[in-house]
Amino acid sequence: MRYVERRRGVCGGAAVVAGSRTPVWMLTEAYLRGRGSVNAVGRAFPQRSRAEILAALLYFEEHRREILAQIRAATQERRRAAATTARWLRGRRAASRAG
């Protein structure tokens, strides 16, 4: 059985767990943040089987540059979103103080 696939129109063409919209980079990021624990990934993504997680990690090993680039891009996007939210909140606070 194939556990990792790419489908046009799903997650921008990134590798995903077959039949899902869970990107390999997301499982890999959870693995790396969980200090290399497959169990930690399983707790973070209970809908994914151990076999799917292991297949995603194998894909990462075989396509390391691609997956790390996707993790970096996602991290940058989260930072941009956090900065935008912080600016918006400061503006709301200033507006409510003004009156």
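In the predicted model, Val24, Trp25, Thr28, Glu29, Leu32 and Arg33 of helix 1 are in contact (heavy atoms within 4.5 Å) with Ile67, Leu68, Gln70, Ile71, Ala74, Thr75 and Arg78 of helix 4. The residues of this contact comprise 7 nonpolar, 3 polar and 3 charged, where Ala, Val, Leu, Ile, Met, Phe, Trp, Tyr, Cys and Pro count as nonpolar, Asp, Glu, Lys and Arg as charged, and the others, Gly among them, as polar. Helices are DSSP runs of H or I with at least four residues and strands are runs of E with at least two, numbered from the N terminus. Axes are lines fitted to C-alpha atoms, for helices over the stretch in contact, and angles run from 0 to 180 degrees between N-to-C directions.

Within helix 4, Thr75 has 16% relative accessibility and so counts as buried (under 20% relative accessible area, with exposed over 50% and partly exposed in between; 1.4 Å probe, protein chains only). Leaving aside residues up to four places away in sequence, Thr75 touches Glu29 and Arg33.

The axes of helix 1 and helix 3 come within 9 Å and cross at roughly 95 degrees, which makes this pair roughly perpendicular. Val24, Leu27, Thr28 and Tyr31 of helix 1 meet Ala56, Leu57, Tyr59 and Phe60 of helix 3. This contact of helix 1 with helix 3 has 7 nonpolar, 1 polar and no charged residues.

In helix 1, Val24, Trp25, Leu27, Thr28, Glu29 and Ala30 are buried. These buried residues pack against strand 1 (4-5), strand 2 (16-17), helix 2, helix 3 and helix 4. After helix 1 comes Arg35, with a positive phi near 55 degrees.

Val41 touches Leu27, Ala30, Tyr31 and Ile53, residues up to four places away in sequence not being counted.

Residues are numbered from 1 along each chain as its sequence is written, and side-chain values use heavy atoms, without hydrogens and water. Local features need pLDDT of at least 70 and side-chain atom pairs count only at pLDDT 80 or more, whereas totals for chains, interfaces and linings use all residues.

How values were computed:
Angles under 35 degrees count as roughly parallel, over 145 as roughly antiparallel, 65 to 115 as roughly perpendicular and the rest as oblique.
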